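Look at the model below before reading on.

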Amino acid sequence: MRQIVFVLFFLVPAFCTAQLTPEQWRADIEYLRATLPAKHPGFAQKPFSDRFQNSLTELEGRLAGRSDLDIALDLQAILSAPGDAHTRIDLLPMLQKIYP
């Protein structure tokens, strides 16, 4: 019974929300790629800038078939790589779409 409740409460709402298309995610990633290094010095410094760019390229290759939350969590992992606590993705609006 617990498994059924888990599936109904946690997994079903995730499949009932509108998802961004891979093309929309690519546009967002390209915006991040272009603007973040100009606004955040940690993302513009070598060798981290190369790792940042490579991580975004790798993520772009894995967009198909993934949920918005999965992609956002991967982006958060990429953004947390410099080790500062103030660069993050606000996941609350995305979670509120899933769990109102």
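What follows is a walk through this structure, part by part.

This is a predicted model, in which local features need pLDDT of at least 70 and side-chain atom pairs count only at pLDDT 80 or more, while totals for chains, interfaces and linings use all residues. Residues are numbered from 1 along each chain as its sequence is written, and side-chain values use heavy atoms, with hydrogens and water left out.

Start with confidence. The score used is pLDDT, the predictor's confidence in each residue, on a scale from 0 to 100. The protein has an average pLDDT of 78, and 78% of the residues score at least 70. Confidence is highest in α2, at a mean of 91, and lowest in helix α1 (residues 2-15), at a mean of 45. The pLDDT is below 50 over residues 1-16, a stretch that has 10 contacts in the model beyond near neighbours in sequence. A contact here means heavy atoms within 4.5 Å. Where pLDDT is low, the predicted coordinates should not be read in detail.

Next comes the overall layout. The protein has 5 helices and 0 strands, so the order of elements from the N terminus is α-α-α-α-α. Helices (H or I, at least four residues) and strands (E, at least two) are DSSP runs, numbered from the N terminus. Of the 100 residues in the protein, 31% are buried. Buried means under 20% relative accessible area, exposed means over 50%, and partly exposed lies in between, with a 1.4 Å probe and protein chains only. Among contacts with a separation of 6 or more, 58% are between residues 24 or more positions apart.

How do α2 and α3 pack, and at what angle? Their axes are 10 Å apart and the angle is about 175°. Axes are lines fitted to C-alpha atoms, for helices over the stretch in contact, and angles run from 0 to 180 degrees between N-to-C directions. The two helices, α2 and α3, are therefore roughly antiparallel. Angles under 35 degrees count as roughly parallel, over 145 as roughly antiparallel, 65 to 115 as roughly perpendicular and the rest as oblique. On the α2 side, the residues that meet α3 include Ile29, Leu32 and Leu36, and on the α3 side they include Phe52, Leu56 and Leu59. This contact of α2 with α3 has 7 nonpolar, 2 polar and 4 charged residues. Ala, Val, Leu, Ile, Met, Phe, Trp, Tyr, Cys and Pro count as nonpolar, Asp, Glu, Lys and Arg as charged, and the others, Gly among them, as polar.

The pair α3 and α4 packs at about 170°, with axes 10 Å apart, and α3 and α4 are therefore roughly antiparallel as well. Phe48, Phe52, Ser55, Leu56 and Leu59 of α3 make this contact with Ile71, Asp74, Leu75, Ile78 and Leu79 of α4. The classes in the contact of α3 with α4 are 8 nonpolar, 1 polar and 1 charged.

Now turn to charged side chains. Side chains of opposite charge can pair when their charged atoms come close. A salt bridge is a side-chain nitrogen of Lys or Arg within 4 Å of a carboxyl oxygen of Asp or Glu. The whole structure has 5 salt bridges. One of them joins Glu30 and Arg33, at 3.1 Å from N to O. Both residues lie in helix α2 (residues 22-39), 3 residues apart, about one turn of the helix. Glu30 is partly exposed at 37% relative accessibility, whereas Arg33 is buried at 15%.

Another group involves Arg62, which is partly exposed at 36% relative accessibility. Arg62 pairs with Glu58, the closest N and O atoms being 3.8 Å apart. Arg62 also forms a salt bridge with Asp74, at 3.2 Å between the closest N and O atoms. Asp74 lies in helix α4 (residues 68-80) and Arg62 in the loop between α3 (48-60) and α4, so this pair ties together parts that are 12 residues apart in sequence. Glu58, Arg62, Arg66 and Asp74 are linked in a network of salt bridges.

Two single residues complete the walk. Leaving out residues up to four places away in sequence, His40 touches Asp84, His86 and Thr87. Ala34, in helix α2, is exposed at 57% relative accessibility. Ala34 and Gln53 are 19 residues apart in sequence, and their C-alpha atoms are 9.8 Å apart in space.
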